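Thanks, everyone. I would like to take you through one model this morning, starting with the contact between its chains and ending inside one of them. Please have the sequence and the structure open as I go.

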Amino acid sequence: MTVLYVEKPGLLTTVQDLGRHGFQAYGLPAAGAADPYALQLANVLAGNDPGEAALEMTLAGPVLRVLAGGLVAVAGADLEARRNGSPLPLWETVAVQSGDVLSFGGARRGCRAYLALGGGVAVPEVLGSRSTYLRCRLGGLEGRALRAGDRVASREETGRIFRRVPAPFVPEYGASHTVRVVPGPQDDHFTPAGVQAFLTGEYRVANDSDRMGCRLAGPAIEHRPGMADIVSDGVPPGAVQVPGHGQPIVLLADRQTTGGYPKIACVVSTDLWRLAQAKPGDSIRFVPVSLDEAHRLYRIYREQFVSLCRQLRTGDMAGKQYRVSIGGTTHDVWVEESVAEYRKR
Amino acid sequence: MDKARFLPAGDRALVVEFGREISPETNRLVRNLYLALREAGIPGVGELVPSYRSLLVYYDPLATGIRDLERTLRELTAGLGDREWPAPRTTVLPVCYEPEYGPDLDFVAACNGLSREEVVTVHTRTAYLIYMLGFSPGFPYLHMSGRISAPRLANPRKCIPAGSVGIAGSQTGVYPVDSPGGWRIIGRTPVRLYDPDRVPPILLSAGDYVRFVPVGKEEYLAIAARATAGGTAG
């Protein structure tokens, strides 16, 4: 069992899994990891099922002292992860020992990183999920973000297989993002000039973006007269809602289940992580695709993702990590086992 | 009945929209399609989110083609009138309207040129249709007569206690959990609308009805004590 002691909590560090599903009809938001791709790979690397609960760290990460060692993995944004002051590799399995200090700094690339513990984070399930929903103080660690002095433990021991995500599957987190959208369901609430502004303009991620929504600033999107409000209806993740001021908000994991602003478009599932990883100040451009194209992208993504997870699990990409001491300095050495096929690509 | 519209909401959800206005008839169609879809158990169909005049249908595009799904939804929608649907339930919520629990009741009365008692009489006279649940887990959106309407607070309160009954414009609702909010608070119910340890955790359902009945503070406290003794923690 891995146990971490929180020395510093970071800006916003919460327990998240794939969300709390089945209660949106009753007004309960799903919450869950803002970037499910990075969460799931961190979990697989730590030897877990992809949907286990892990720590989501935002922009400025925590400082964690290891009280009991085990396997961990960090995936997602580059938050200057370090172990005992030395850079900690992302997107691969790492063994930590009692006394190690895992520290994270500011975001160099991306916005959110996930720290998975072998066995998954031990917090009670609430309505089928361990995700934290801050607004209702629900789930996670007492319904709140981590605080200094907290202890975070994993639930059960896991095996000791070391894995690494091959480079082609590690996303690039730049400062400008092109995001594909399917128009609708209320694109008819906007003037042609408004739609044009949305699809050609450059938008900047605003400082007040959070897990509920990525707020954007850029060319105003004009509504048709008197059509800036709708009778509230259900909102999926990635919905681009445009309030009366004309600045779009892309809804993320903590969105409410319903909303009263017209939705000009919805971000395709395979690009949602780009918004979860966009930092304040980053640039966003929207490109329309057909629903059929969005489904085609999703099928390809899922096939690749399932195949990647299978390869990581079965050890096709596994290796062994050794810790060696040379002249008083500790080095972690990664020895890959069956990489011949992968190298050929 | 207006013709239903089927609109994409991204690549994993579809909106079935029955109209653009708020009416009990439109909401009834939403409820009946919601019930029909839950009963039908169509492969690939996930969560359903009923709201005033539309139903959001989440689906897995790997498990169902969009055209097949749309055809099925059209058939179900067209057949809604062919059968009897279960009558909506009415949940009675006792509410204590005393100043301790309803700090804005005087304001609402003054807004409408009524006495406190008259506001309570109007508020408890009708059963309200639950058009949808939203905002927080189990928060019911209810429409009332304009006679006791009141504007929202300019500065929302940081924490409104769970059970608080509020008014905003011509809507009334109940806060299921402690949360910030800008509605005018006229009373409080000891009944828990949200309890994660109960099955089901959320008391009310969209498409059903709520009726408020006034209770004194003693009865409020007695019901609250029973709810706590019911063995549910937190």
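**A two-chain predicted model**

Let me begin with one pair: B:Arg67 forms a salt bridge with A:Asp292, and the closest N and O atoms of the two are 2.9 Å apart. Please bear in mind throughout that this is a predicted model.

The size of an interface is often given as the accessible area lost when the parts come together. Here the area buried between chain B and chain A is about 3,500 Å², with carbon and sulfur atoms giving 58% of it. Within the area that chain B buries against chain A, B:Asp11, B:Glu47 and B:Phe135 supply 17%, which is more than any other three residues.

Turning to the polar side of the interface, 17 residue pairs are in polar contact between chain B and chain A, counting those with both residues at pLDDT 80 or more. The rule finds four salt bridges across this interface, and over all chains the structure holds 32 salt bridges. There is also a network of salt bridges, in which A:Asp188, A:Asp233, A:Lys263, B:Arg5, B:Glu17, B:Arg20 and B:Arg53 are linked.

A word on chain B by itself, which has five helices and 14 strands. Its C-alpha trace spans about 55 × 40 × 35 Å along the principal axes, and buried residues make up 53% of its 234 residues. If we take the contacts in chain B between residues at least 6 apart in sequence, 64% of them join residues at least 24 apart.

Now to chain A, and to one aspartate in particular. Is A:Asp271 buried or exposed? A:Asp271 is buried, with a relative accessible area of 0%, and it is found in the loop between β20 and α3 of chain A. Which residues is A:Asp271 in contact with, once its neighbours within four places in sequence are left aside? They are A:Thr178, A:Val179 and A:Arg180.

A:Arg180 also forms a salt bridge with A:Asp271, the closest N and O atoms being 2.8 Å apart. This pair links distant parts of the chain, since A:Arg180 lies in strand β13 (residues 176-183) of chain A and A:Asp271 in the loop between β20 (263-267) and α3 (272-276), 91 residues apart. A:Arg180 is partly exposed, with a relative accessible area of 25%. A:Arg274 likewise forms a salt bridge with A:Asp271, with the closest N and O atoms 3.1 Å apart, and A:Arg274 is partly exposed at a relative accessible area of 24%.

At the start of α1(A), a side-chain oxygen of A:Asp35 comes to within 3.1 Å of the backbone nitrogen of A:Tyr37. After α1(A) comes A:Gly47, whose phi is positive, near 90 degrees.

Finally, a note on confidence. Chain A averages a pLDDT of 92, and 92% of the residues score at least 70. Over residues 338-345 of chain A, however, the pLDDT is below 50, and this stretch has eight contacts in the model beyond near neighbours in sequence. Where pLDDT is low, the predicted coordinates should not be read in detail.

Key. Residues are numbered from 1 along each chain as its sequence is written. Chains are lettered from A and ligands numbered from 1 in the order in which they are written. Side-chain values use heavy atoms; hydrogens and water are left out. pLDDT is the predictor's confidence in each residue, from 0 to 100. Contact means heavy atoms within 4.5 Å. Buried area is the accessible area (1.4 Å probe) that two parts lose on being put together, summed over both. A salt bridge is a side-chain nitrogen of Lys or Arg within 4 Å of a carboxyl oxygen of Asp or Glu. A polar contact is a pair of N or O atoms within 3.5 Å; within protein, one must be able to donate a hydrogen and the other to accept it, and residues adjacent in sequence count only if both atoms are side-chain atoms. Helices (H or I, at least four residues) and strands (E, at least two) are DSSP runs, numbered from the N terminus. Buried means under 20% relative accessible area, exposed over 50%, partly exposed in between (1.4 Å probe, protein chains only).
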